[in-house]
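Welcome! Please take a moment with the sequence and the 3D view below, and then let us walk through a few parts of the structure together.

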Amino acid sequence: MDELKFRRQAYGEPNCQDDDFLAAMQAAPERGAFVNELKKLDSKLELALKIDVPDGLAAKLLLNQQLHRHQRLRRKSGFTLALVASVAFIAGISFTLLRMAPVDLGQHALAHVYHETKALTIDQNVSFKDINFQLASLGTIGNARFTQQPGKVYYSTFCDFQGVKSLHLVIQGEHSKVTLFIVPIEERMVLEQAFADNKYKGRGFTTDDAYMLLVSEDDADLSYLKKEIQQIFI
């Protein structure tokens, strides 16, 4: 065993009884003296540690540990709350900007048709009086209403146009079903008179209090229903 290894062993465990360690210690008198000094130091430390435990020390240590833990949790929760607040603030800003951004009504209408495909398969047989009741409950289009039945209405429900509560109808045209969206007028809305994608065609027009958006696969049905609505929606 070389000198460095011997001293490491002596510092770590001066009472070691390994053969290699004992042989190295006996090989030089100064090593034995060095180990004896370390043993004396160990004995002094052991005696110093053998003291009576004051009454209540365990409880005090436990209380101190709990206080430190509480402080750590407070710091951690404070950071968490700050992070949540920051995220909420950013989300609020994003939502506000989203609400202020221009809305392309034509593209929004096409997206709604694709999102609610079930609307084209349901037959609720809705009367125009029920539709007028829904329109009145919007509270944002004045007294706008249908004066008579706009053909057979298969489906009627409320929908959301970028935060604006609107009405979603499916009406029978001359040849096929036509989706009609009635959207209260807002300045940020952008209305195109004609829009389309690879499957659907759309028409848009304005009444006094609402945007009207018609979507169908048949262009002739759009023209037919547009004229019909312009005559009976006041």
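Which exposed residues does the face of α2 turned away from its buried side carry? They are Asp 19 and Gln 26. Here exposed means over 50% relative accessible area, buried means under 20%, and partly exposed is in between, with a 1.4 Å probe and protein chains only.

Before going on, a word on the model: it is predicted, so local features need pLDDT of at least 70 and side-chain atom pairs count only at pLDDT 80 or more, while totals for chains, interfaces and linings use all residues. Residues are numbered from 1 along each chain as its sequence is written, and side-chain values use heavy atoms, leaving out hydrogens and water.

**A helix with a buried face**

Helix α2 spans residues 19–26, and Phe 21, Ala 24 and Met 25 are buried in it. Seen down the axis of α2, these buried residues fall within an arc of 100°, so they line one face of the helix. The arc is that of the directions from the helix axis to the C-beta atoms. An α-helix has 3.6 residues a turn, so residues three or four places apart point the same way. Helices (H or I, at least four residues) and strands (E, at least two) are DSSP runs, numbered from the N terminus.

Two strands count as paired if DSSP finds at least two bridges between them. The table sets out the two pairings.

β2 and β3 form a hairpin with two residues between them, and Gln 162 in the turn has a positive phi of about 50°. The hairpin that joins β3 to β4 runs through four residues.

Strand β3 covers residues 164–172; seven of its nine residues are buried, so β3 is largely enclosed by the rest of the structure. His 168 is found in this strand and is buried, with a relative accessible area of 1%. Leaving aside neighbours within four places in sequence, His 168 is in contact (heavy atoms within 4.5 Å) with residues including Glu 116, Ala 119, Tyr 155 and Phe 181.

**Rings and charges**

How many aromatic pairs does a search of the whole structure find? It finds three. In one of them, the rings of Phe 146 and Phe 233 have centres 5.0 Å apart and planes at 70°, so the pair is edge-to-face. Rings of Phe, Tyr and Trp (its six-membered ring) pair if their centres lie within 6.5 Å; planes under 30 degrees apart are stacked, over 60 edge-to-face, and the rest tilted. This pair links distant parts of the chain, 87 residues apart: Phe 146 sits in the loop between α6 and β2, and Phe 233 in the segment after α7. Phe 146 is buried at 1% relative accessible area, and Phe 233 is buried at 7%.

Two lysines lie over ring faces: Lys 165 over Phe 158, at 4.2 Å from the ring centre, and Lys 177 over Tyr 154, at 4.3 Å. A charge sits over a ring if NZ of Lys or CZ of Arg is within 6 Å of the ring centre and within 35 degrees of the ring normal.

**A loop residue**

Finally, find Glu 192 in the loop between β5 and β6. At 37% relative accessibility, Glu 192 is partly exposed. Glu 192 touches Asp 104 and Gly 204, not counting residues up to four places away in sequence.
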